[in-house]
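The following note sets out points on packing within and between chains. Please read them alongside the sequence and the coordinates.

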6 protein chains.
Amino acid sequence: MSDWLPSLKTKTPQEGYELAILLARKAIGYTQPSADVREKLRPKYEEDADSLTLASQVVAIHYQTVAAANNYWQ
Amino acid sequence: MSDWLPSLKTKTPQEGYELAILLARKAIGYTQPSADVREKLRPKYEEDADSLTLASQVVAIHYQTVAAANNYWQ
Amino acid sequence: MSDWLPSLKTKTPQEGYELAILLARKAIGYTQPSADVREKLRPKYEEDADSLTLASQVVAIHYQTVAAANNYWQ
Amino acid sequence: MSDWLPSLKTKTPQEGYELAILLARKAIGYTQPSADVREKLRPKYEEDADSLTLASQVVAIHYQTVAAANNYWQ
Amino acid sequence: MSDWLPSLKTKTPQEGYELAILLARKAIGYTQPSADVREKLRPKYEEDADSLTLASQVVAIHYQTVAAANNYWQ
Amino acid sequence: MSDWLPSLKTKTPQEGYELAILLARKAIGYTQPSADVREKLRPKYEEDADSLTLASQVVAIHYQTVAAANNYWQ
């Protein structure tokens with residue numbers, strides 16, 4: 001896979017949050033490399049509350065990492 | 001998306017908790033940008049105990065981050 | 001919502017545990033503000049082993065935060 | 001509830017693990033105070049692999065806390 | 001239960017990983033002490049992808065603890 | 001099992017992420033040693049959004065460990 005993660009540093013807490021979203025999504029790309037399949041899964045997934053909460057949980061875990069890497073943007 | 005997260009600092013532990021709730025919800029907004037769809041999911045979700053507990057779990061993970069960022073409001 | 005979380009400090013590890021339970025429950029109150037609906041969900045929830053374990057998990061995550069905030073009561 | 005958690009300190013890593021099990025179980029007691037109901041739930045729960053794994057997960061989270069409180073028994 | 005966890009220290013990251021697997025399994029043994037029942041659950045469990053992922057998650061949580069205890073084998 | 005984890009150190013955040021994926025997968029190999037069975041599980045698993053998210057969650061937990069081991073590649 002090409003370079004997609006040069007650093008965990010971001011300028012702001014919000015950019016860090018967006019990086020956490022990217023980190024959560026990338027694992028899915030590594031496991032299911034077909035963009036077509038991933039597109040097919042999206043509609044069902046995006047309209048299921050528990051699926052959305054589960055995805056939000058993965059973002060939360062990555063955000064802990066990104067926030068620590070940025071010393072909580074202090 | 002417009003600026004919504006200028007800082008992880010809050011004045012009190014309770015404001016930090018409310019920020020954790022915001023952090024948990026925002027990931028859902030990034031994944032399902034349609035407010036209409038999110039509204040449609042709400043009734044079922046809000047009356048399911050496991051869905052509520054799962055949402056509470058995401059808040060708990062973010063609260064770890066926010067509390068650390070505020071040095072536990074010591 | 002009125003003030004309910006003045007501090008993460010507690011006198012003992014057990015009081016910290018009870019605070020973690022409060023933290024876990026509060027997120028549910030923020031998401032489902034109706035006490036009536038929450039009461040309605042309780043019987044099913046309280047008699048489902050996996051629901052109870054899931055709730056215990058949220059307490060465990062918050063307890064990490066509370067314990068760290070209290071320097072593990074050392 | 002009577003005193004059940006005087007300290008997070010234990011003499012050995014294994015005693016710390018057993019404390020983590022206690023911490024995981026206590027949250028269930030707080031949520032479902034009836035020992036009769038908890039007994040009734042046990043048979044189904046103890047013979048379901050995913051229920052057992054979920055319980056093991058809560059122990060793992062508490063063990064992080066207990067291990068940190070004991071400076072990893074170094 | 002007899003002594004099974006004298007220390008969280010291991011010589012290598014891989015031995016630490018194997019200790020994390022042991023830690024994940026032990027909680028199941030404490031909850032379901034019957035080796036016969038555990039054997040009976042194994043076939044279904046070992047051929048269910050989500051069960052395997054859930055088990056992998058518990059290992060991941062314990063590995064955080066073991067890695068911290070070993071200062072990440074630096 | 002042969003040596004597969006000599007170190008948690010990686011040169012870049014992205015290599016660390018790929019190590020986290022390896023760590024997530026290895027636990028499945030320890031639990032289900034048959035590569036044939038694992039292959040059989042793959043198609044169903046790779047086309048289920050929640051299975052993919054659950055797998056992404058395990059990667060997120062391991063990535064916390066790897067990132068800490070590398071001092072967040074600072």
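1. The contact between chain C and chain B draws on 32 residues from chain C and 25 residues from chain B, where contact means heavy atoms within 4.5 Å. This is a predicted model, in which local features need pLDDT of at least 70, side-chain atom pairs count only at pLDDT 80 or more, and totals for chains, interfaces and linings use all residues. Residues are numbered from 1 along each chain as its sequence is written, chains are lettered from A and ligands numbered from 1 in the order in which they are written, and side-chain values use heavy atoms, with hydrogens and water left out.

2. The size of an interface is often given as the accessible area lost when the parts come together. Between chain C and chain B about 2,500 Å² is buried, and carbon and sulfur atoms give 63% of that area; the accessible area uses a 1.4 Å probe, and the loss is summed over both parts.

3. Chain C and chain B have one salt bridge between them, defined as a side-chain nitrogen of Lys or Arg within 4 Å of a carboxyl oxygen of Asp or Glu. A salt bridge joins the side chains of Lys40(C) and Glu47(B), at 3.8 Å from N to O.

4. Helix H1 of chain C (residues 13–31) packs against helix H1 of chain D (residues 13–31) at about 60°, the axes being 11 Å apart. Helices here are DSSP runs (H or I, at least four residues) numbered from the N terminus, and axes are lines fitted to C-alpha atoms over the stretch in contact, with angles from 0 to 180 degrees between N-to-C directions. H1(C) and H1(D) are therefore oblique to each other; angles under 35 degrees count as roughly parallel, over 145 as roughly antiparallel, 65 to 115 as roughly perpendicular and the rest as oblique.

5. H1(C) passes H1(D) in a right-handed crossing, that is, with the near helix turned clockwise from the far one by less than a right angle.

6. Within chain F, the axes of helix H1 (residues 13–31) and helix H3 (residues 49–69) come within 8 Å and cross at roughly 125°. That angle makes H1(F) oblique to H3(F). Among the contacting residues are Gly16(F) and Leu23(F) of H1(F), and His62(F) and Val66(F) of H3(F).

7. Chain A and chain C are not in contact, and their closest C-alpha atoms lie 12 Å apart. Chain B and chain F likewise do not touch, with nearest C-alpha atoms 12 Å apart.

Notes:
Helices (H or I, at least four residues) and strands (E, at least two) are DSSP runs, numbered from the N terminus. Buried area is the accessible area (1.4 Å probe) that two parts lose on being put together, summed over both.
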